[in-house]
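Visitor: I have a few minutes before my next run. Can you walk me through this one?
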Amino acid sequence: MGEGGFIGVMVLTALLCFVIAGQALDMPMRIHTVLGALAAMAAAFFTLNRYFKRPAELPPQEIDGKPNYNDGVIRFLTLISVFWGVVGFVVGLVIALQLAFPALNFDVEFLSFSRVRPLHTSAVIFAFGGNVLLATSFYVVQRSCQARLAGDIAPWFVALGYNLFIVIAATGYLLGVTQSKEYAEPEWYADLWLTVVWVVYLLVFLATLWKRKEPHIFVANWFYLAFIVTIAMLHLVNNAAVPVSLFSSKSVIVWSGVQDAMVQWWYGHNAVGFFLTAGFLAIMYYFIPKRAQRPIYSYRLSIVHFWSLIFLYIWAGPHHLHYTALPQWAQTLGMTFSVILWMPSWGGMINGLMTLSGAWDKLRTDPVLRMMVVSVAFYGMSTFEGPLMSVRAVNSLSHYTDWTIGHVHSGALGWVGFISFGAIYCLVPWLWGRKQLYSLKLVDWHFWLSTIGIVLYITAMWVAGILQGLMWRAYTELGFLEYAFIETVEAMYPFYLIRALGGALFVVGSFVFAYNIYMTIRYGDREEAAAAPSSAAVPAE
């Protein structure tokens with residue numbers, strides 16, 4: 001019945017998409033509805049084909065008294081995250097080079113910085129990071145609950161539906177379709193589709209928790225659940241829009257003026273806080289103890305970390321709007337909560353690092369663990385720098401400068417990137433039944449290439465940003481601006497070259513990463529039994 005109902009919904013979706021495509025008022029809408037129709041038809045066909053090929057009984061929940069985990073969807077999500085990661089990093093290098101050499105857009109509208117830049121941010125945050133979160137959350141919730149992932153079609157609908165959203169969003173950027181909201185550029189129909197997929201994701205996760213065999217809900221699942229629920233709330237409020245027409249790709253946001261700015265940065269900062277922080281902290285709390293074969297340093301501290309983080313983070317968004325029309329009290333509120341946020345963030349960092357107590361020697365021999373530990377160090381550095389930059393006096397220098405770009409990338413590449421790489425390095429041998437990775441030496445190369453690249457990148461942007469801020473606020477004795485804006489742009493040239501070099505090293509590291517993953521799956525030594533123990537880490541206390 002589930003398969004039949006799903007096929008019926010997909011057929012109706014395909015028909016609706018074809019009708020809209022025939023009446024579409026612009027080319028992007030026509031392209032995306034045809035793409036949606038083809039995806040729906042493919043989903044209906046493969047579901048029907050699968051129905052006739054599969055056994056009469058669905059896969060059992062347990063085999064010989066042990067959970068029968070659903071790892072097929074996790075394998076797909078792991079591989080697609082590697083693909084999107086490489087694509088996103090390469091696009092980031094392209095736009096970094098465009099800033100130094102503007103002619104590299106070749107006067108092609110589809111390659112202009114304004115279109116390719118959101119392609120880069122969405123590819124690394126939502127395509128790479130999002131698929132890593134889906135893969136790890138499906139893996140962790142099964143192992144820590146000792147239960148098979150809920151649903152038969154639903155997990156695949158989440159995985160494939162989410163990546164369809166990525167394709168629609170990415171092609172939309174290149175076609176010039178955007179609602180001009182940072183980290184929320186996809187238009188109304190893409191947002192509607194993501195809402196459906198996200199609700200199913202939440203239901204799958206909750207249903208798996210509901211049927212758990214372990215009475216305790218492991219802390220990583222709390223972080224995943226906070227990430228899923230809060231992102232849903234942020235997405236619905238920030239993307240509230242009225243389409244110009246059912247047949248048009250354009251919509252009008254219901255918020256306006258300063259209210260729109262407030263809602264946007266309530267979303268924008270908490271997309272960072274819950275998508276790029278809470279979700280990846282869940283990865284930290286499962287994969288670092290698992291890799292180090294040590295319990296979490298303090299399970300009590302992890303719970304304090306969770307509740308304080310999710311309460312404080314939601315209030316920090318107004319610090320993006322200092323010296324604007326936003327009321328002063330709201331700006332001060334955002335700044336205050338941002339500074340307070342430093343404490344729980346560092347509590348989580350300390351908890352992650354101290355988990356290696358008694359196992360620090362493993363850093364010499366295990367580059368995967370080293371990568372994840374360095375990611376936690378980057379998390380600590382970013383969560384110190386962020387509150388510092390939220391202080392109004394500091395923000396007056398840093399805002400609108402490349403210092404912000406350096407801050408974002410120290411968190412994105414150092415924290416999110418490294419913890420994601422580490423999780424994938426752990427997952428691949430476990431999921432494909434390999435004894436170990438194809439080459440730990442290649443992991444070493446990846447680690448050092450990427451680390452040197454990140455250091456070059458963020459130091460160049462720190463210096464560039466502070467230089468920009470000082471040049472913009474420099475006045476002559478007569479009270480005129482000392483530098484024309486074009487002079488500040490010219491001064492950035494050497495720093496943009498250094499940033500591009502750092503980005504290039506990071507991209508090369510990602511190619512080494514992808515090659516190692518491929519070789520592990522293709523040629524890695526098989527293991528007879530399951531590669532990873534299924535029980536969750538336990539507290540040291």
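Guide: Keep in mind that the model is predicted. Start with the second largest pocket, which has 35 lining residues. Met10, Thr13, Ala40, Leu164 and Trp193 lie nearest its centre.

Visitor: How much space lies in the second largest pocket?
Guide: About 960 Å³.

Visitor: Which helix gives the most to the lining of that second largest pocket?
Guide: Helix 2, with eleven residues. Helix 1 (2-23), helix 2 (27-53), helix 5 (154-174) and helix 6 (188-210) each supply at least two.

Visitor: And how does the lining of the second largest pocket divide into nonpolar, polar and charged?
Guide: There are 26 nonpolar residues, seven polar and two charged.

Visitor: What lines the second largest cavity?
Guide: Trp84, Leu119, Ser122, Ala123, Ala127, Ile166, Ala169 and Ala170. The volume of the second largest cavity is about 50 Å³. Helix 4 gives the most to that lining, with four residues. No charged residues there: seven are nonpolar and one is polar.

Visitor: Now packing. Which residues touch the most other members of the largest nonpolar core?
Guide: Phe227, Phe275, Phe287 and Trp415, in a core of 138 residues. Helix 8 (residues 257-292) brings the largest share of this core, 17 residues. A second, separate core has seven residues, including Val91, Ile95, Leu119 and Ala169.

Visitor: Leaving aside neighbours within four places in sequence, what is Trp415 in contact with?
Guide: Leu276, Thr277, Phe280, Leu281, Met284, Ser375, Val376, Phe378, Tyr379 and Ser410.

Visitor: Helix 7 next. How many of its 20 residues are buried?
Guide: 14, so helix 7 is largely enclosed by the rest of the structure. Its length agrees with expectation too: at 1.5 Å a residue, residues 219-238 should span 28 Å, and the end C-alpha atoms are 29 Å apart.

Visitor: Last one. Is Ala330 buried or exposed?
Guide: Buried, with a relative accessible area of 7%; the cut-off for buried is under 20%. Ala330 lies in helix 10 (residues 328-340). Its C-alpha atom is separated by 42 Å from that of Arg30, 300 residues apart along the chain.

Key:
Residues are numbered from 1 along each chain as its sequence is written. This is a predicted model: local features need pLDDT of at least 70, side-chain atom pairs count only at pLDDT 80 or more; totals for chains, interfaces and linings use all residues. Side-chain values use heavy atoms; hydrogens and water are left out. A nonpolar core is a set of buried Ala, Val, Leu, Ile, Met, Phe, Trp, Tyr and Cys residues joined through side-chain atoms within 4.5 Å. Buried means under 20% relative accessible area, exposed over 50%, partly exposed in between (1.4 Å probe, protein chains only). Contact means heavy atoms within 4.5 Å. The expected span of a helix is 1.5 Å times one less than its number of residues. On a 1 Å grid over the protein atoms alone, a cavity is a set of points where a 1.4 Å probe fits but cannot get out, and a pocket is an open set with protein on both sides within 12 Å along at least five of seven lines; lining residues have an atom within 4 Å of a point. Grid points are joined across faces, edges and corners, and a volume is the space filled by probe spheres set on the points. Ala, Val, Leu, Ile, Met, Phe, Trp, Tyr, Cys and Pro count as nonpolar, Asp, Glu, Lys and Arg as charged, and the others, Gly among them, as polar.
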